[in-house]
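Here are my notes on this one, point by point. Have the viewer open while you read.

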Amino acid sequence: MSTGRLTIDLNAITENWRALDALSPSTVETAATVKADAYGLGIAPVARALAAAGARTFFIATAEEGAALREALGPSARIFVYGGHMAGDTDTIGDLGLVPMLNSIEQMTRHFESLPGLPFGVQLDSGMNRLGMEPAEWAAVRDITMRQGPQLVMSHLACADEPGHEMNRTQLANFHEMTRGLGVPLSISATGGTLLGPDYHFDMVRPGVGLYGGMPFEDAATVVRLSLPVIQVREVDAGEPVGYGNSWIADRPSRIATVSAGYADGVHRALAGKGIAMYHGATACPIVGRVSMDLITVDITDLDGDPQALDLLNTMQRIDDLADAAGTIGYEMLTALGPRYVRRYTSAAA
Ligand SMILES: *Cc1c(COP(=O)(O)O)cnc(C)c1O
């Protein structure tokens, strides 16, 4: 097999969902954010596993993402769309029974006129200035909107991955102010907010990245393992270079394994030279030289034999380790894991 193998542990995902669910009382619903193909891991198997574990409500970014999710989950799951009701989405929303989180007066008008009586939610901007209605807009349409009975009123935190950040309390206060007396279900928290504690739970939390083993959910079970095939092994003398730009020079006689994956597969070029290794079992073998589009070179001098494959992601080196080395976040690493990998799903008993 010449392409990498991405193994996705569905039990780890449901274990993470249960662990986040356990942080709030049973009166708080724990939904699941599965936008961007479940952060690149595959929306159908991931959503089905979460539904089997008890998740009833799912969030996606755009109405287009709803087709695969509705097909995977059947008619009973509730599917909210963060992007709301965009022009051109009316048929998709109506046919698939999606619930748009209306973000503006324009979207409200569109929804109430084109799909009267069909369910919707409302997204408020409590300070992030990205998506949702601002206080003045909301004040203008609040009464009309509440007469239509939104299923959920939500907002989103900008700094929830920094528990001490004063923005959290500011947004919380704004959200309380904007939702006082509404009497409908409320939600402000993704993974970060869920971890901030009960003040942030309201009626529903909607974690994404924590389900997939990413920060800020430090205690998450490891979800992804990435094993990459070795194409060739060569010997180089001390003083010989490896890869583009001669950026690495052997300081001893070395064995170099060339592995089949590169930045086109989400192995960022920026993580070379930052202490990232590939693993043979528990033995770390450093990546040397530059990461190419389809190839990575690894120093396997200290291994006894020539491995058939090396692991880039495992329980010792996780998605956020790669993200830190590349100067990005786990979210981006996950969603960049490319289409060339064979995705295998395991659900061995936890
Ligand atoms: C992506 C997203 C989430 C989930 O965020 P995580 O940090 O991955 O848990 C929740 N709410 C909104 C509005 C989002 O865009």
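1. First, a term: buried means under 20% relative accessible area, exposed over 50%, and partly exposed in between (1.4 Å probe, protein chains only). Gln-171 has 0% relative accessibility, so Gln-171 counts as buried.

2. On provenance: this is a predicted model, where local features need pLDDT of at least 70, side-chain atom pairs count only at pLDDT 80 or more, and totals for chains, interfaces and linings use all residues. Numbering starts from 1 along each chain as its sequence is written, and side-chain values use heavy atoms, with hydrogens and water left out.

3. Gln-171 belongs to helix α8 (residues 166-179); helices here are DSSP runs of H or I, at least four residues, and strands are runs of E, at least two, numbered from the N terminus. A polar atom of the Gln-171 side chain is 2.8 Å from the backbone oxygen of His-156. Leaving aside residues up to four places away in sequence, Gln-171 touches several others, including Ser-126, Met-128, Leu-157 and Ile-188 (contact means heavy atoms within 4.5 Å).

4. How do α7 and α8 pack? Helix α7 (residues 135-147) meets α8 at an angle of about 20°, the axes being 11 Å apart; axes are lines fitted to C-alpha atoms over the stretch in contact, with angles from 0 to 180 degrees between N-to-C directions. On the α7 side, Pro-135, Trp-138 and Arg-142 meet Glu-177, Met-178 and Thr-179 of α8.

5. Helix α10 (residues 319-326) is mostly covered, with 6 of its 8 residues buried. Its buried residues pack against β11 (224-236), β18 (309-313) and α11 (330-336). Gly-327 follows α10 and has a positive phi, near 75°.

How values were computed:
Polar contact = N/O pair within 3.5 Å; in protein donor to acceptor, adjacent residues only side chain to side chain.
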